[in-house]
Amino acid sequence: MEAYLIAILIVTAIYVLLSLGLTLQYGLTGLINFGHVGFFCIGAYAAAILSTAGGMPIAAGLLAGMALAGLAAIPIGLVALRLRDDYFAIVTLGFSESVRLVVTSEGWLTKGVQGIPGIPKLIDGVGTGPALTILALVGLANLLAVMAFLRIVKSPFGRMIEAIRDNEDAVKALGKDPARFKIQVLVLGAVLAGLAGGFYAHYIGYVSPDQFLPIVTFYVWMAIIMGGVGRISGALLGTLLLMGFLEGSRFLRDLLPFISAVEMASIRIGVVGLALILFTLYRPQGLMGDYTRRK
């Protein structure tokens, strides 16, 4: 049980990085990014390829994954950020699916649907000791991300992107270019997603295209909505709550043995969907949102 709980905490910490990236993009800037998993995939595959076929150190793979994810965000931003919000959301969703199709079809590099096995672990060894060390490393990355996030929020840059979220036309009237700030925010969120992907690849030890479906982005959106959009505490608590729903529903099989494993997977998604509906109705501002407001 102890090993299981540590494993869940490691995956939760990885998802917190994804939630912080999306909080920066949507919570502070208002960017509706439905393709977050695409940057997650780029980071994971970059780390996996460089550490296996490339024989490079794990740290180099993590940095490369962050850099490639950030670079991938630039052309997406240049093309899409001049579109309306709904079109931007569609473009980012198409981007994530394009990334997944590329890693599926380019078998010479990514091994296609077979995936990449044998990815080096962050820390070698078995038992709770190495697992706790991995948890500490990912936790440290989260701490540094939170510190950077707070620094951004309190900076003139942070005030500007919040102004863009609240009233983009007013920002334009002041002679500022919102597109430039949006691209920078998109890149920063993508870098965090790339880092999360690198950690994920080195923790799981295997990556394949079916690990990076759009539902991953949906889960991250769920986390920030339940926790409170635009709040660091919301990203943290929302991710913990999401993992509680996903992992807790696994134990429903013990109470409902007549339900098959395939049916239980659908029930798990249904439970998460029901939670989203309830939060939308009764706590639209999230758990950590302003209790004096309903929207």
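A salt bridge is here a side-chain nitrogen of Lys or Arg within 4 Å of a carboxyl oxygen of Asp or Glu, and by this rule the count comes to four in the structure, which is a predicted model.

**Salt bridges**

| Pair | Distance (N to O) |
|---|---|
| Glu97 and Arg100 | 2.8 Å |
| Asp166 and Arg165 | 3.0 Å |
| Lys172 and Glu168 | 3.9 Å |

Glu97 and Arg100 both belong to helix H4 (residues 85–105), where they are three residues apart, about one turn of the helix. An α-helix has 3.6 residues a turn, so residues three or four places apart point the same way. Glu168 and Lys172 are also linked with Lys182 in a network of salt bridges.

Arg165 is partly exposed with a relative accessible area of 35%, as is Lys172 at 47%, whereas Asp166 is exposed, with a value of 57%.

Helix H10 (residues 214–227) consists of 14 residues and spans 20 Å from its first C-alpha to its last, close to the 20 Å expected at 1.5 Å a residue. Gly228, which follows H10, has a positive phi, near 130°.

Ser208 is placed in the loop between helix H9 (178–204) and H10. With a relative accessible area of 3%, Ser208 is buried, because buried means under 20%. The side chain of Ser208 makes a polar contact, at 2.5 Å, with the side chain of Asp210, and, when neighbours within four places in sequence are left aside, Ser208 is in contact with Tyr45, Val113 and Gly115.

**A nonpolar patch on the surface**

Leu68, Leu71, Ile74, Leu78 and Val79 make a nonpolar surface patch of about 460 Å². Leu71, one of these residues, has its place in helix H3 (residues 58–80), and counts as exposed because its relative accessibility is 52%, the cut-off for exposed being over 50%.

Conventions. Residues are numbered from 1 along each chain as its sequence is written. This is a predicted model: local features need pLDDT of at least 70, side-chain atom pairs count only at pLDDT 80 or more; totals for chains, interfaces and linings use all residues. Side-chain values use heavy atoms; hydrogens and water are left out. Patches are made of residues with over 30% relative accessible area and no salt bridge: like charges are joined within 9 Å, nonpolar side chains (Val, Leu, Ile, Met, Phe, Trp, Tyr) within 5 Å. Accessible areas come from the Shrake-Rupley method with a 1.4 Å probe; for residues, only the protein chains shown count as cover. Helices (H or I, at least four residues) and strands (E, at least two) are DSSP runs, numbered from the N terminus. Buried means under 20% relative accessible area, exposed over 50%, partly exposed in between (1.4 Å probe, protein chains only). The expected span of a helix is 1.5 Å times one less than its number of residues. A polar contact is a pair of N or O atoms within 3.5 Å; within protein, one must be able to donate a hydrogen and the other to accept it, and residues adjacent in sequence count only if both atoms are side-chain atoms. Contact means heavy atoms within 4.5 Å.
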